[in-house]
Amino acid sequence: MSGLERLRVMFGAAPRKPLVITPEARQVHGLKRMTKAEFEAMKEHARAHKLVNHQWRNRRWLVLIVVNLLFTLSFWLDIQMLEGALTASRFVGFHLIDLNSALQVMLAHKHIIVNLFIGTATVFVLWVLLGGRSFCSWVCPYHLLAEWFEWLHLQLVARKRVSDHEFHRGTRTVFWIAFSLLALISGYTIFETISPTGILSRALIYGPSLALAWVLLLLVFELVYSRRAWCRYVCPIGLTYGMVGALSPLRVEYRLEQCFHEGDCRKVCLVPHVLDVVIKGRAAALKTPLGPDCTRCGLCIDVCPSGALVFDVKGLQKLL
Amino acid sequence: MNDRPQQPAAPVTPGAPAGGGRAQAPVRQQSARRRFIRSAVMVGSVLSLAMLGYLPVAGARKPRLRPPGALEEHDFLSSCIKCGQCVQVCPVTAIKLDDIDRGFGVGVPYIDARRQACDFSCDAVQCILACPTGSLTYRKPASLKTRAGMPLAEPPLLKAKENDPEPTLNLAERIGIARLTRPDACLAVQGQGFRGQTRGPGYHGRLRYVTVDRWRPLPVREHPYDRDLCNLCVTECPIGDAITMAESVDSDGRKRYRPQVRAQCVGCGVCEMICPVEPAAIVVAPREPWAA
């Protein structure tokens, strides 16, 4: 999948089958051609050897909780390490400004002061290095709550109490453009009013607010109607960081040779369209980096029984 | 469901093979159409809900008192990034963040002067220093709106720094103006004194009493007063020459007193906080200009 194609998929288009498949990949695909019985046997074998592993999830939850706790404790205990909230803060004095909040303010206010520029540039570089949407899964407090509600939702779905309703993924791009235009035209940072990320971050630091009712409403909506709806179909923060992630060398890489095509990774993934490549016959090369929409959460790495998905830094192998 | 391979979003005419693939079954077409309608409804709902945030902004009857150095209200709401760094640096925690009932103003800082006013205990207007976007600013860019009566004629003199080499505050505009809105209730106007804890024993507001502690603001309830003529708003005002006690003599020869707000008032609200009368006789009119 080319970079352009990966961007197209992030903005909401359905993934397409690759037009060109490298001879090496074609060879591997060919070797995997077998009867159904053989395939089932192989799958059973893989499942039997599967280790239940939550290594990356646990690391991620720890980081997410520590980062948000650092904000809270900086204020409560006045340790002045990470002052502010997720929208804008200062880490031991250095300005950090959330890219989407910065975008909203710049479009609404149309005047950029030096600190705003420095904070935005710092965060841009930081998340280019760290993988873009890794902000979502490793930092955003709403992501963690939504993960827990997603688990509940899946329990209800399994018991046939609720069913999942998909939306078109292009809605997120529509929201991104709409909120940008609204900020530009109205001069108000309208998205910030309903951003559960900002609301939760401020509530964690400055105490509970009425606005939490809106966050709860979103979580209930995701619980009973549509799995991970906010992160998948609405949040412009995710798309902003996704665009940053397109430039990032840190990503999850898919290795065709190790893959049994069981599809467990696609079941746990927040953005399964980036894992289209794991479908049998889809991979165009032996190694494929996942698209920029990937949140680098590592759930697929944890769930894969055969190590076909790994964290990878582009160019690091060559460097070493 | 997301765990199944995604189908092409665009509906394909039945019977017309597209790109060598199979034609979409009618049931697929129907589900794609349903998804499209569902998505359109969702986009409309979320955008409408977000836009509802305009109603409290447009309908705000009582304007909010913003922290020192705040831009004009519309500019303030557009430039504020809702991070609360101003809240964190305020030594008397005068600054609070608004909730979602304020619509677009959610997460935006304000001061409730009666509960806790800004007394400039920080000496340097720390909240302005902390603001990352210039919502609170020492010097406003020329392109932004400035109303008549808002700029201060001279840099305000901070009484606590009177003897320092640099005794003034770096503040170019007022945030409001104090007004004696209930003169009949004012103890000085009635010629009365005041004894005891202003605002009572349960009040949690703090104020810097320079003669007691230059660096640490003290709870107001720990600092009882004993005045033959109540002049708390005049003496506790942190700004030099902002409130004076005007004296006049009646036709029957009796002396009359009345607190007088002057052009140097920055609108910090300490007078409103300290006023012993309930409700306060003197209050800050947020974002109101000085009118002689």
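**Start at I282(B)**

Select I282(B) and show what surrounds it. Setting aside neighbours within four places in sequence, I282(B) is in contact with A178(B), R179(B), L180(B), C233(B), P259(B), C271(B), E272(B) and C275(B); contact here means that C-beta atoms, placed from the backbone, lie within 7 Å. A word on ground rules: this is a predicted model, where local features need pLDDT of at least 70 and side-chain atom pairs count only at pLDDT 80 or more, while totals for chains, interfaces and linings use all residues. Residues are numbered from 1 along each chain as its sequence is written, and chains are lettered from A, ligands numbered from 1, in the order in which they are written.

**Out into the core**

I282(B) also belongs to the largest nonpolar core, which has 144 residues; C300(A), C127(B), C271(B) and I282(B) are those with the most contacts inside it. Such a core is a set of buried Ala, Val, Leu, Ile, Met, Phe, Trp, Tyr and Cys residues joined through C-beta atoms within 7 Å, and buried means 20 or more other C-beta atoms within 10 Å of a residue's own. Next, pick helix α5 of chain A (residues 99–109), which gives this core its largest share, 6 residues. Helices (H or I, at least four residues) and strands (E, at least two) are DSSP runs, numbered from the N terminus. Domain 1 (3–51 + 250–319) and domain 2 (57–243) of chain A both contribute residues, so the core lies between them.

**Two domains of chain A**

Color those two domains separately; their bounds come from an automatic or database domain assignment. Their C-alpha centres lie 28 Å apart. Where they touch, domain 1 of chain A supplies 16 residues and domain 2 of chain A supplies 19. On the domain 1 side, β4 and α16 (299–303) of chain A are the elements that give two or more residues.

**The sheet**

Now show β4 as a cartoon with its partners: 3 strands of chain A form an open, antiparallel sheet in the order β5-β4-β6. Pairing takes at least two DSSP bridges. β5 (287–289) and β6 (309–313) of chain A are at the edges with a single partner strand each, so one side of each has no neighbour in the sheet. Strand β4 (residues 250–255) of chain A is joined to β6(A) by 5 bridges; to see one, select L250(A) and its bridge partner V313(A).

**Last stop: chain A meets chain B**

Select both chains: 55 residues of chain A are in contact with 45 residues of chain B. Helix α10 (residues 190–194) of chain A gives the most to chain A's side, with 5 residues.

Terms used. Buried ≥ 20, exposed ≤ 12 C-beta atoms within 10 Å, placed from the backbone.
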